[in-house]
Amino acid sequence: MTPTHFAFSTAFLLGLAGLAFYRDHLLSALLCLEGMMLSLFLALALWTLELNATNFSASPMLLLAFSACEASAGLALLVATARTHGTDRLQNLNLLQC
């Protein structure tokens with residue numbers, strides 16, 4: 001495993017571990033998801049550069065577009081929960097309440 005592959009694998013796993021263990025606030029969960037998506041984007045971009053394949057060159061941009069859509073939806077949910085519940089703590093959210 002090359003050092004670049006190790007770095008991006010470690011970055012993805014750190015984001016996954018942060019998402020699994022530090023779920024107190026919705027904002028921290030969204031930041032962990034963004035870190036995971038950024039490491040995937042960089043790894044996919046470097047993979048297409050290593051292979052010199054032009055047919056895979058649109059894949060990182062498509063992933064980046066989906067990541068931006070995910071970030072905007074996550075921030076909209078964060079604002080909505082902060083307005084309705086007064087906080088972004090995930091323990092206070094109850095899916096059974098309206």
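How close do the axes of α2 and helix α3 (residues 59-85) come, and at roughly what angle do they cross? Their axes come within 9 Å and cross at roughly 175°. Axes here are lines fitted to C-alpha atoms, for helices over the stretch in contact, with angles running from 0 to 180 degrees between N-to-C directions.

Colleagues, a word on the source. This is a predicted model, in which local features need pLDDT of at least 70 and side-chain atom pairs count only at pLDDT 80 or more, while totals for chains, interfaces and linings use all residues. Residues are numbered from 1 along each chain as its sequence is written, and side-chain values use heavy atoms, with hydrogens and water left out.

I turn to the overall fold. The chain has three helices and zero strands, in the order α-α-α along the sequence. Helices (H or I, at least four residues) and strands (E, at least two) are DSSP runs, numbered from the N terminus. The radius of gyration, taken over C-alpha atoms, is 17 Å, well over the 13 Å that the globule rule (2.2 Å times the number of residues to the power 0.38) gives for 98 residues, so the chain is more spread out than a compact globule. Along the principal axes, its C-alpha atoms fill a box of roughly 50 × 25 × 15 Å.

Next, the packing of the helices. Helix α1 (residues 3-21) and helix α2 (residues 26-51) pack at about 160°, with axes 8 Å apart. The two are therefore roughly antiparallel, the term for angles over 145 degrees. Among the residues making this contact (heavy atoms within 4.5 Å) are Phe8, Phe12 and Gly15 of α1 and Leu33, Met36 and Glu50 of α2. By class, the contact has 13 nonpolar, four polar and one charged residues. Nonpolar covers Ala, Val, Leu, Ile, Met, Phe, Trp, Tyr, Cys and Pro; charged covers Asp, Glu, Lys and Arg; the others, Gly among them, are polar.

Returning to the opening pair, α2 and α3 are therefore also roughly antiparallel. Their contact divides into 17 nonpolar, five polar and two charged residues.

Finally, the record. An unreviewed UniProt entry places the feature "transmembrane region" at residues 6-22, 29-49 and 61-80. Residues 29-49 are 100% helix, with end C-alpha atoms 31 Å apart. Residues 61-80 are likewise 100% helix, and their end C-alpha atoms are 29 Å apart.

Conventions
Parallel < 35°, antiparallel > 145°, perpendicular 65-115°, else oblique. UniProt positions renumbered as here; feature names shortened; annotations may be inferred.
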